[in-house]
Amino acid sequence: MSGISTQPDRLSYAASRAARELGLNRGEFDLAVNLGLIRTVPDEGGGGRRVARAEIERLRAGDAFPADLRRRVATVGTTEGAELMDVTPTRFTSLARHGLLVPVRFYLNRYRTVVWLYLAEELEQFAAEESNAPLLTGPRTPAEIREGQKAGLDRRPRNWRGRHVGFLTRQAGDDPWARAAAVACFLDPDDVADIVADPCERAHLDRCRPRLPAHGAPGSPAADLAETLMTASEPDEVAWFRADLAHTMETARRQRPAPRPTPRQAPALTRHSAPEPPAASPVLPVDRPVSPDQAPSHGLLGWLRRRSRRPAG
């Protein structure tokens with residue numbers, strides 16, 4: 001793909017153009033990339049990921065294009081998901097909070113309520129599994145799930161984080177710093193600083209940091225809530241992310257150390273050049289008595305002195 005930077009329109013497409021070529025909206029396209037359904041290539045100009053024209057042609061050559069691709073990225077919320085699985089919304093929510101149904105996306109509505117979205121294809125597979133029938137058709141929710149509900153258990157944020165870090169590390173490919181940054185973006189900055197003590201390494205890690213989904217303007221209540229959901233919080237989860245960051249950082253240091261600023265050096269002397277002499281210090285006058293013979297002989301005072309020396313005649 002060496003020609004991407006010189007002829008990008010002919011050999012690859014930007015994300016927005018690729019989505020149109022595949023008949024997807026941008027949300028569907030991004031999810032398809034995360035799921036590995038659409039292969040991307042790095043933009044040699046540093047403009048983000050691109051999709052090769054050959055990849056577009058491969059997907060469009062499918063027998064059920066574009067219906068099959070859109071079906072695989074279709075998402076549903078709680079109400080639609082419950083209908084799809086033929087359960088009540090209450091039972092659906094209890095299964096999701098217990099961690100049995102893993103969300104793939106989320107957004108905040110105008111009331112700043114978190115709306116979790118699930119892959120419709122995965123819900124259908126869960127409902128079709130015979131071993132899951134007691135969870136769906138039993139007269140009561142299993143006792144373990146009921147106890148978790150009483151304790152306020154909600155594994156949806158944690159499951160989303162675990163799934164999304166997988167998306168990001170897959171996109172990072174073989175780049176060790178991109179893989180480390182994908183892990184670091186789910187940790188609190190204090191945890192990252194504790195694991196990566198070197199300021200130069202932290203700065204390079206930040207430059208490699210992938211973009212997480214944006215929710216509201218930076219600093220807004222919605223953005224703060226989303227940041228909380230995207231940051232590991234449970235002790236065992238934090239410990240896992242910290243250990244993974246330490247491991248990926250070891251690999252990154254070994255394969256490609258972080259760049260460091262070059263110290264400034266004085267220009268070297270050549271054999272034809274000589275060091276310039278230091279500037280002379282000004283000589284300050286010294287107050288001391290001056291004899292008449294050494295006194296200045298110009299001006300009015302000098303004329304009077306010369307006149308007094310003439311013999312009287």
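Predicted model: local features only at pLDDT ≥ 70, side-chain atom pairs only at ≥ 80, totals over all residues.
Strand β5 (residues 105-108) and strand β6 pair in the antiparallel sense, and 4 bridges join them. Tyr107 stands opposite Val115 in β6, and Leu108 stands opposite Val114 in β6. Between the strands of this hairpin there are 5 residues, and in the hairpin Arg112 takes a positive phi near 60 degrees.

The structure holds 6 aromatic pairs. One of them is formed by Phe106 and Trp116, whose rings are 5.2 Å apart centre to centre, with 55 degrees between the planes, so that the pair counts as tilted. Phe106 belongs to strand β5 and Trp116 to strand β6, so this pair ties together parts that are 10 residues apart in sequence.

Strand β4 (residues 75-76) pairs with strand β6 (residues 114-119) in the antiparallel sense, over 2 bridges. Here Val76 stands opposite Tyr118 in β6. Taken together, the 3 strands form an open sheet in the order β4-β6-β5, and the pairing is antiparallel. The edges are held by β4 and β5, each with a single partner strand, so one side of each has no neighbour in the sheet. Helix α11 (residues 156-172) packs on this sheet and touches β5 and β6; the direction of α11 makes about 50 degrees with that of β6. As background for viewing any sheet, side chains in a regular strand alternate between its two faces.

Strand β1 and strand β3 (residues 49-52) run antiparallel and are joined by 3 bridges. In this pairing Tyr13 stands opposite Val51 in β3.

The loop between α4 and α5 (67-72) contains Pro66. The peptide bond that joins Phe65 and Pro66 is cis, with omega about 0 degrees. Asp86 is a residue other than glycine, yet its phi is positive, near 60 degrees. These two details deserve a look because most residues other than glycine have a negative phi, and most peptide bonds are trans.

The axes of α6 and α7 come within 9 Å of each other and cross at roughly 100 degrees. What does this angle say about their directions? The two helices α6 and α7 are therefore roughly perpendicular to each other. On the α6 side the contact is made by Thr78, Gly81, Ala82 and Met85, and on the α7 side by Pro89, Phe92 and Thr93. By class, this contact of α6 with α7 has 4 nonpolar and 3 polar residues, and no charged ones.

Helix α6 (residues 78-85) has another helix partner, helix α8 (residues 120-128); their axes come within 9 Å and cross at roughly 35 degrees. In this case α6 passes α8 in a right-handed crossing. Gly81, Leu84 and Met85 of α6 make the contact with Ala120, Leu123, Glu124, Phe126 and Ala127 of α8. The residues of this contact divide into 6 nonpolar, 1 polar and 1 charged. Gly81 and Met85 take part in the contact with α7 as well as in the contact with α8.

Helix α12 (residues 176-184) and helix α16 (residues 235-255) pack at an angle of about 160 degrees, and their axes are 8 Å apart. How are the two helices oriented to each other? An angle over 145 degrees counts as roughly antiparallel, and α12 and α16 are therefore roughly antiparallel to each other. The crossing in which α12 passes α16 is left-handed. From α12, the residues that take part are Pro176, Trp177, Ala180, Val183 and Ala184; they meet Phe241, Asp244, Leu245, Thr248, Met249, Thr251, Ala252 and Gln255 in α16. The residues of this contact divide into 9 nonpolar, 3 polar and 1 charged.

Methods
Residues numbered from 1 in each chain as written. Heavy atoms only, no water. Axes fitted to C-alpha atoms, helices over the stretch in contact; angles between N-to-C directions. Parallel < 35°, antiparallel > 145°, perpendicular 65-115°, else oblique. Left-handed = near helix turned anticlockwise from the far one by under 90°. Contact = heavy atoms within 4.5 Å. Nonpolar A, V, L, I, M, F, W, Y, C, P; charged D, E, K, R; others polar. Pairing = 2+ DSSP bridges. Phe/Tyr/Trp six-rings, centres within 6.5 Å; stacked < 30°, edge-to-face > 60°.
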